[in-house]
Amino acid sequence: MASSHNPQLGSDPYFAYPTPAPEQVESELPPYFQDENVPLGLVLDRFAKKSNHDLRVLLGETLPRLPAKDRPKPIIEYAKTTRQALVKYLAVLRWKTSVDIPAHLTAAPPLTTSVGPTSFPTPHSNGDMELSPSYQGLNKPKSDEEKKSLQGKVTDAKRIAHFLEHQNQQHELAIEHAKHVVNVVEGLRERNPDILTALSLQTNGTYNRLPTSVVDPYLPKQPLTNSSILKVLRKLNQQIRYRLRCLDHVPSDLIIEGIKDGRVYVRGSHWRAELTVVGFGDASRWWLTGLAWGWKAKDRGIDDPGGMPGDSKQNRRFTGDELQGILDLVNAEVLVPRDVSLGEVDQNFQSDIEPSSKASVDAPLSRLYNIIEHLSLNYQLETLYSQAVDLSQGRWRGQLLPEIDRIAKTLRLRYWIRQRRHGPDSSRRLHSQGQKPASAPLIFGGSLLISISESNTLKSPLEDLLNDISLCEAKSCERSLKLELAIKWIVEEGGAGGGMNAGDVMDNLQLQLNPESLTVEDLLSVATRTHAAHLTRAYTVPLYSSARLIVAAPPFFDSSTDSTERPLTFLIPLPSRQTQSRSNLGIGVSSFTGLLEIVDEGAGLDGARKDRARTSSNNVNDNKSSLSDEVWRLSVAAVMDNMETQLRQLGYHPTRHIPLRLKELVKANLHPLSTLFLALPASPYHYFVTQIQHPMGPAMGINFQIIKLVPSSSDSGIGTKWDIGDQTSVSLEKLRARRKIDAAETQITPPLYEVDNHDLKELCILSNALVAQNIVEQQLKDRSIPYTSVFPPPSGPASPKSNSPLAGMIPTLCVDVRDLLRSLGRKGAGAGEAAVDVAFPKVWLQIEGWWDGGFCEVSTIVVLRHQPHMSSADSVNPLVDGADTDGDEAHEARAEGIFFDPLSSIVRFKAKTINQCVPSFLEQWERLSKVIAVAGEVNRLNQKPVLADVKLLSFDLRKASLQYAPNHIASITYSPSNDSYQITFSISIPSSSPPNPPARSNPHTLLASLFSAKLNELTAQSSSAMRQKGEVGYQLCGLLQGTLPILSLSGDLRAQGASGWQLVVLDITRFQFVRDHKYRRYVLLVTLLPDLRHYLIQDGSLFEDFNGVDSYLGFLTPIPDSENLFFSALKTFPNSKTGAAEAPTLVLGLSDKGLYMESSSMVLDGGKAVMCGIAEFGLLMAKILSLIEGSF
């Protein structure tokens, strides 16, 4: 039973195609050779050249201009970039090695010479070993024996692709051949019945006559000779001239360049064509044979991205299928002659003559001119579009949108693309409704509309006349069109501003396309740069009249022709002390993005300044703030950076933030962005503030002030916070006014926002000194001490030590000495009154050490009431026994910060710590005033006749040295450790004495402790009235002079050593002369009377306090016949009560200037005691002792 389906499609077909073997398949595929690949050597060469170039730029230009700390960054960037490129090359190399295997490394499969009938049709199987030109590769050898073919995944895929392409081409050729055969067969068919031919065919079985159209193609033709060819060409040239001159209308815009070799060469606006004629006579027609464009596209060089090697200046000529397509179109449709009936008028024809009176003629050359002109402009439009697409994917990525409408022949270039931003209100509303905002539509800055249109330029009368003459009273049925690429420049929403609204048409006179170098990049650059320059002027011109503009010089516009830079930049010179490299603030609209750009040219490598300018640009473009606000903010930041740099160059450490909240700063009209703080060394709570004044404020420029931080309770009541207390302004104008400057310098107005380093340093020094003064004032206020701030006088005790102009701007505090020292009176013993009495009423507190700019010192200046009248230093050489030298005392005083000028009686107390300068002065003055008081009293004693020998030799605040008798010196020192006086004694050797004098000592040295105790007792018990009378000094000097005769006599007796009398000191005013004889002890009691000018001499055994027994000496024996003895001794003095003839002899050590006239002697109590003056004591006592010795 037969199957119902086709057996050929079943499992056992009548004919089956065998499966080819792998070797057979390999033989059928075309070979693939090495030179068809792109050599990796070119890639490696380009990589090496680029790396070397980058390295030269890095070493020769980049690194030398950078400091050492910034050089590692570009080196790392270069290493990273080079490594990335090398890794990419290595990846391609490994991939190529893994997929491609050279043919010489593998066993080539054997080629099959015999091919079966069922093998795939390839050039090899058909016996065609030579590949067709379309099938061969670039520079491919014709013999596979010259080079080995490659094998691998990539090469095999390429070979299969080549095989399939060749197979498709063979199929297409077969189909075209079949169609041609069909057309030929139809032409060979006999259409009309021919009886004679039919009879002949029926009789003989063949045709004995055939049509000429059938026979001629198969008849051999006579070959052409050179002469026949030249003859035909000459005939064609004549025919062409005939048609051009007599038959055809040649448009005025079509230029005939020449007729040669049977062709006419014509030229249009930007194209060149070749034409010939087909046939001879009036029935001939035009035929287009060649076409080339006369315009050139601006090609990119071989080094540019996408550039191709070749001659970019050569015009494009059409070849191959593209040329054939154009020729077929023109020859079949355009140049075909058309029948034009008489009287038919073209509606588009324009002429002054009535159209009905002229005959119409065909104008194939006009049609040729119009079609080629239109075709040329279309090619130009497509070229511009392809260039715009490349730009939109390259340099203008994201900022250019090209659109072409090929039907309307229009190219639209939209530039400056950005999204329309939603307003803050709409965004909040959508967020509250839980909706997501839709994607914002795109807006553009502007668009360029390039279209093919007819020129609106009117023809000249000469052209119309020539056209009428060429037509010979006829009318052309075709009108030659003057087509061109028209450019329309339209402003859109993103580029509106400065008087330009969306939809406005801009002047396009600057926008011209150059056919010799056709480029859309130059056209776009001119449009965007012109647009950006206009917007820059619109945005920046209002800044001229802005009061918030901080400039160091008038701003100006700077234009640039570099396509990579802004076309127009508004430059604002920023204040800077470096006039040679003054930085500018550049404001301009970018021609690539259409956005406003603010650039700080002085940023350099400062990333913070660059980021600040970039943030300002974003704020202005996002409409978050105005341009004037951002310019003010950047200018203020630049000024603050300059001020901070200047302060750091001067050695200071400014800061932008202090421990205060922002609202506290705002209350004090301060802001961190426009304020610079500098902690002053004088106080941790005071800051020197540099602030940029707001232009809307009372003043402009840089304001300097001093602020003080004070603690206060926090708002929550827990803990404390810091607030701004006092704010003191520091005037730079006053500082400059006090400085002596030249007349030429006074005429120069200093800039508002620039300060010289010298002025800035003096402001900081002045502020530090004023803070130190404020601290001193606060100490006086805390103690309720009134004071007066006065500027230091040029001379006097309070005159400044510095010659700087600042010295006259730092006030000196003047305090009344009674107000300052009245607190000392609370300590008892009249200390306050004693301290007040020794100084003049005014005391000055002066700031010193401020010129160093660091910690200041306070010098308290006190002028003593009494200037010491000291003796000449060249007459005596003090020798101090048992005490420090004067140099050591002075050094110790200077170590405590106390300086004394004996010539002017000025005492300076320097306090190293300002915070405790007033208490420190009071403490020091309390100690020194005691020495000063004693020295002052002693200094006044020499005015009294009785103490004429008293002289003040030296005084250094801690020790006063006085001479109470010739060559006898007493030094009074105050000891602050135990609040007591210490007196040391010495003796001076006159300069007129012989060399190497015998050693001598002051007799009072033995009683130094008693005199120190007596002085402490006197100063502690004395009242203010006694001090005013000088009683303490009088008592001290009186005791010194009164006890000197006794001590001198004791020394003489001790020096003799024969009499046996010894001196016993009971106290500072009572002495005993003791003599032991035959187991008995005799005592003479000598008492210095309270007037300190007389002695009382009596028998010690009869003294009522002893009653014959002394607690120290024991039993005393009365002196025999003491009454007669005293009378006998007193008879030697003429002024005594008893009378005497012998003149008195003065005691050694006392002069006769005042002591002698007070000498008086008398016997008291019936001879029990004798009173004598200190001048007669030595002689009288020696007489008495000798009489007592005689009575034994």
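Predicted model: local features only at pLDDT ≥ 70, side-chain atom pairs only at ≥ 80, totals over all residues.
How are helices H14 and H18 oriented to each other? Helix H14 covers residues 627-649, and helix H18 covers residues 757-782. They pack at an angle of about 75 degrees. Angles of 65 to 115 degrees count as roughly perpendicular, so H14 and H18 are roughly perpendicular to each other. Their axes are 10 Å apart.

Who touches whom? On the H14 side we have Met643, Gln646, Leu647 and Gln649. They meet Asn757, Leu760 and Cys764 in H18. By class, that contact holds four nonpolar residues, three polar ones and no charged ones.

Next pair. Helix H25 runs over residues 1031-1056, and helix H27 over residues 1177-1191. Here the angle is about 45 degrees, and the axes are 10 Å apart. H25 and H27 are therefore oblique to each other. The crossing of H25 past H27 is right-handed. From H25, Pro1045, Ile1046, Leu1049 and Leu1053 take part. Their counterparts in H27 are Phe1177, Met1181 and Leu1185. This contact of H25 with H27 has seven nonpolar residues, no polar and no charged.

Now the sheet. It is open, with four strands in the order E18-E19-E20-E21, and the pairing is antiparallel. Strands E18 (675-679) and E21 (720-730) stand at the edges. Each has a single partner strand, so one side of each lacks a neighbour in the sheet. From one strand to the next, the twist averages 30 degrees.

Look inside the sheet. Strand E19, residues 686-692, is joined to strand E20, residues 702-713, by seven bridges. Take His686: its bridge partner in E20 is Lys708.

Key. Residues numbered from 1 in each chain as written. Heavy atoms only, no water. Pairing = 2+ DSSP bridges. Helix = DSSP H or I, 4+ residues; strand = E, 2+ residues; numbered from the N terminus. Axes fitted to C-alpha atoms, helices over the stretch in contact; angles between N-to-C directions. Parallel < 35°, antiparallel > 145°, perpendicular 65-115°, else oblique. Contact = heavy atoms within 4.5 Å. Nonpolar A, V, L, I, M, F, W, Y, C, P; charged D, E, K, R; others polar. Left-handed = near helix turned anticlockwise from the far one by under 90°.
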